[in-house]
Amino acid sequence: MLNTISCGALRPDHVGATVTLAGWVHRRRDHGSLVFIDLRNRDGIVQVVFNPEQAVDAHETAETLRNEWVIQVSGTVTRRVEGTENPNLPTGEVEVMAEQATVLNESLTPPFYVNEETDVDELLRLKYRYVDLRRAGMRDTLITRHRVVSFIRRFLDERDFLEIETPILIKSTPEGARDYLVPSRLYPGSFYALPQSPQQLKQLLMVSGVERYFQIARCFRDEDSRADRQPEHTQLDLEMSFVEEDDILGLIEELYSDLVESLFPDKWVMKPFPRMTYTESMELYGTDKPDLRFELYMADLSDIAAETEFRVFQSVIANGGIVKGFRAPGCASYSRRQVDELTEFVRARGAQGLVSIALTGEKGPLSSLTQEMVRSSAARFLTLDQIRAIADRTEAEIGDIIFIIAGPPKPTNTALSYLRNEMGRRLGLADPNLLAFAFIVDFPLFEWSEDHGRWDAMHHAFTMPQSGYEQYIESDPGKVLAHCYDLVCNGEELASGSIRVHDRQLQESIFRALGYTEEQMEQRFGQLLTALEYGAPPHGGIAPGIDRLLMVLTGKDNIRDVIAFPKTQNAIDPLFEAPGPVEQDQLDELHIKVVDEGPETQSGS
Ligand code: ASP
């Protein structure tokens, strides 16, 4: 090794020792004739002092050093003079008196400061990712990510899971996204697809008798990017044989609560993890990924709204819509401007508008509420009794504001849930140290897709219907409940899983309900259908996203900040400039002809 100890490891115990360090020049300061270098490696920084009276050559070298040069220094560890300790550094009680210094490599001036956590343009950070990853924040995240994944591996190993790799070059494994395709050189016109998840492979491993499988698996989905999405993401993919829903949920609860306890002692989880049905979650929170760090519940006001003189409410109800709302505690004094701003907020998230009812005045029972105490654009359409009924249903008190949205169920719920999260944020209702894990269960097996005009699988096609519902699979798919569950945390979906179908006839019936022809079934899922006939055990699993988990654990709101080499939101790698053109030879070998889709070609065709 070019060093005898790591920079960040030095402590008063080492005083008197001769050490050799290697690392990057974090900062240089000249004080009179002394040169001070903060020398950095992965686990920390230590101060090195170059004194011309003790080491002429080393001092001369030190005078030439610039930030991010790589150097090797030998010297003696000494205690810092009293009053010059740096309590912000774990090594701050000591320094190294340099005797020898060697420049191992120089560095160009970095494109941004490594020694400051300043905001830097993300494209620049990604283009020089190797410099960006040296910065403390990114380095810490990489370390945290490693610890989390190591913990998971150890935990599962102790419980007899086998880590098994599955292929990256495979056939389409649908999870509701577009496939990434890889052309075959040997078979012109044929393609591999990168796995959207190892779903069928892990089920085949259960048929293979593996019983307990996991993998830190990369999944590839060609979807439009969002802040929490990447073309490739990592899942803890997990599958077990001879289990029921409770076994999987119990295992995951133990894994995540142990993980938080061991690695994030400042954070806490609610135990046992709350469990809620999909229907309850939609009713109370308007979403299937509720943020349970704060208690604001939504109430369906449709029946009260239907009785009012308010045209907006009436027409929404007449058209099969809903009227729903929740209270924002202590917000009765919200100004017109604040309400307008929130109206814009919900409009941008699919609502037609926002009705607010502020209950102003002296605190007291709802019976003390008078018309004068009500501030609302809809006030003249609502009787005092109706307002009291709305307040009662939403559990609002005098001093609160009630926010109400009317419209078709889906967008109304969506907009309300965004508003609920926004109010939670504005009012600081969430305990920043709480990781509010919860399980959402009893999802429907199918959901109607307006876009495709057919039933889609809500989770995926391999999900077991709950018993008693099999008969409706093809006759009334919307009715079927599934053995399907999600893990959510602080408003994020962290995992989805299910008990799987292990019977060929049942699996075919689900495929038929999804509109697959016999031929499509055979072509896409023949391998799985056949395997189900060779002694497939009952099995089930789950796949928690590692990137999202890291986001929640580290409080980052950008998925790119928890991945070493992510793609931009436009699916580009600015460092490698991928995707990029390839040589004509390579295309020829792959039997690929690129058709220029430029405007001219398009108009000409
Ligand atoms: N394969 C599923 C997914 O990627 C997870 C699972 O059902 O285990 O969402």
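This is a predicted model: local features need pLDDT of at least 70, side-chain atom pairs count only at pLDDT 80 or more; totals for chains, interfaces and linings use all residues.
Local features need pLDDT of at least 70, side-chain atom pairs count only at pLDDT 80 or more, and totals for chains, interfaces and linings use all residues. Residues are numbered from 1 along each chain as its sequence is written, and side-chain values use heavy atoms, with hydrogens and water left out.

Reader: Why is Glu589 called partly exposed?

Author: Buried means under 20% relative accessible area, exposed over 50%, and partly exposed in between (1.4 Å probe, protein chains only). Glu589 has 48% relative accessibility, so Glu589 counts as partly exposed.

Reader: Why is Asp160 called exposed?

Author: The relative accessible area of Asp160 is 61%, so Asp160 is exposed. Asp160 also has a positive phi of about 70°, although it is not a glycine.

Reader: And why is His591 called partly exposed?

Author: His591 has a relative accessible area of 42%, so the label is partly exposed. Phi of His591 is positive too, near 60°, in a residue other than glycine.

Reader: What makes a patch of negative charge on the surface?

Author: Patch members have over 30% relative accessible area and no salt bridge, and like charges are joined within 9 Å. Asp and Glu count as negative. Here Glu583, Asp585, Asp588 and Glu589 gather in such a patch.

Reader: Which residues does a cis peptide bond join, with omega of about -5°?

Author: Lys271 and Pro272. Another cis bond joins Ala578 and Pro579, with omega about -5°.

Key. Patches are made of residues with over 30% relative accessible area and no salt bridge: like charges are joined within 9 Å, nonpolar side chains (Val, Leu, Ile, Met, Phe, Trp, Tyr) within 5 Å. Accessible areas come from the Shrake-Rupley method with a 1.4 Å probe; for residues, only the protein chains shown count as cover. A salt bridge is a side-chain nitrogen of Lys or Arg within 4 Å of a carboxyl oxygen of Asp or Glu. The place of a charge is taken as NZ of Lys, CZ of Arg, CG of Asp or CD of Glu.
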